[in-house]
Amino acid sequence: MPKIKKEEKKKKPEEGRFQLLRGFRDVLPPEEKFFLLLEKKVSNLAKDYGFGRIRLPILEEAVLFARSVGKDTDIVEKEMFTFVDQNETTVTLRPEATASIARAYIEHGMLNWPQPVKLFYIEPMFRREKPQSGRYRQFYQFGFEFLGTAEPVIDAQLISIANKIFSELNLRESVSIEVNSLGCKNCREEYKQELLNFLKPKKKLLCEDCKKRMQKNPLRVLDCKEPSCQAVLADAPVLLDWLCDECKDHFMKVLEFLDQLEIIYNLNPRLIRGLDYYNKTVFEIWPTEKTGSQTALAGGGRYDSLIETLGGRATPAIGFSGGVERIISLLKQKGIEPRETGQAKVYLAQIGVQAKTKAIKLLEKFHNEGIIVAENLSKDNLKAQLEQANRLKVRYTLILGQKEVLDGTILIREMEGGVQEIVDYEKAVQEIKKKLSKT
Ligand code: AMP
């Protein structure tokens, strides 16, 4: 057991209350329906498009992220939950899934599978960011990845899957798809130099972060939100003008496919993405109405060199991930409520100990038949149970009182008209099935 600091040992239990860690949250049942909606949408689409689900471990070797995401990125530099375990291995709670996907591709010899390998995931991620609205330290991402293909049509297909998710959630009108190309190492290096030449004389006008970015990763200056930096960038050279022929041709084809698919996008030359492994096509999905500084709902792009960087054979790939909490927040903002499924149409009320025994057995029978029955076995009072049945808007309430127990019967009350009939206890499931199938 690792050592617990003295103050941690004595602190909270004695105060009698534990609290969530900063930036972490509980998802309570009223919110769960939103998570379920997104999970269903993502899983159904993945199935339709032939993606297989991959479940990845939460812990990975820290060096995996330093080598893939990049050691000078915000994520690796400041935001990883990293610790040394009992075997002296430095491990990290994964901040994103693409690095793990690439590791898994190499580790399981997926290059021998039919290409492209199509994987999807829905997993929690961990980033030690400054908590604020829409920015948590544990959050869920879903993602789609194509591995083993360099074809521009695949870039368009991936963007069309992202487009479909937002359309099917009725959010397409509320978001924009921002698209750009980061080119390859060669054209990007040339552009970086050009950008630096442009920025150097204006360095004192940039924010402190951007001054540092100029040394480590000048492209990141392009997506700085500070108005002073935005002003400097107004006449900055544009990466798209520096693409080599191969990268330009690839990007033009992607845009043509998107046009063919009638997907509306915004060509955004400032879109950079913060991670080192990206090249060529990158895209993000933004809410059209900006609230606060947390804008991106989803993002992704090509990572054609990542698998090779991690020791595998050169394998082009592309993927994107979406932030579940941020999409849920937009759904709520737009007043889009998931339709309740699996709501009980039947309530079982009981009065007395013997009735409880019979009720519990009857519930089992309904469960075996796949019929959802609401109940509250902890209550004895019929009025309270009927009130609950009313609140739940069930169509039928079954009532088991002392008389019914003795007679081997059960009462079925139709809630709307209040009509009641007595049926044989053994036939209760059959009768309800018959009634439910009528409408
Ligand atoms: P990224 O890999 O940083 O582009 O993240 C992909 C998506 O995950 C983003 O577009 C967000 O929707 C979501 N996301 C990233 N960081 C956070 C965070 N700290 N809290 C909640 N959602 C996040």
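1. **Basis.** The model is predicted: local features need pLDDT of at least 70, side-chain atom pairs count only at pLDDT 80 or more, and totals for chains, interfaces and linings use all residues. Residues are numbered from 1 along each chain as its sequence is written, and side-chain values use heavy atoms, with hydrogens and water left out.

2. **Domains.** Domain 1 covers 19–184 + 244–333, and domain 2 covers 346–434. These bounds come from an automatic or database domain assignment. The C-alpha centres of domain 1 and domain 2 are 49 Å apart.

3. **Helix α7.** Helices (H or I, at least four residues) and strands (E, at least two) are DSSP runs, numbered from the N terminus. Helix α7 spans residues 185–199. Its expected span is 1.5 Å times one less than its number of residues.

4. **What α7 buries.** Buried means under 20% relative accessible area, exposed over 50%, and partly exposed in between (1.4 Å probe, protein chains only). The buried residues of α7 are C187, R188, Y191, K192, L195, L196, F198 and L199. Their cover includes α8 (208–216), α9 (227–233), α10 (245–260) and β9 (279–287). Contact here means heavy atoms within 4.5 Å.

5. **Cores.** A nonpolar core is a set of buried Ala, Val, Leu, Ile, Met, Phe, Trp, Tyr and Cys residues joined through side-chain atoms within 4.5 Å. The largest has 53 residues; I54, I101, L147, L199 and L206 touch the most other members. Apart from this core lies another of 47 residues, among them L38, F251, V254 and I327. Not counting residues up to four places away in sequence, L199 touches L206, M214, V221, V232 and L233.

6. **Strand β5.** Nine of the ten residues in β5 (residues 117–126) are buried. Two strands pair if DSSP finds at least two bridges between them. β5 pairs with β1 (residues 52–53) in the parallel sense over two bridges; R53 stands opposite F120. β5 and β6 (residues 138–147) run antiparallel, joined by ten bridges. There, P124 stands opposite Y140.

7. C224 counts as buried, at 6% relative accessibility. For C244, the nearest is that of C247, 3.5 Å away. C244 is partly exposed, at 27%.

Note on methods: Disulfide = S-S within 2.5 Å.
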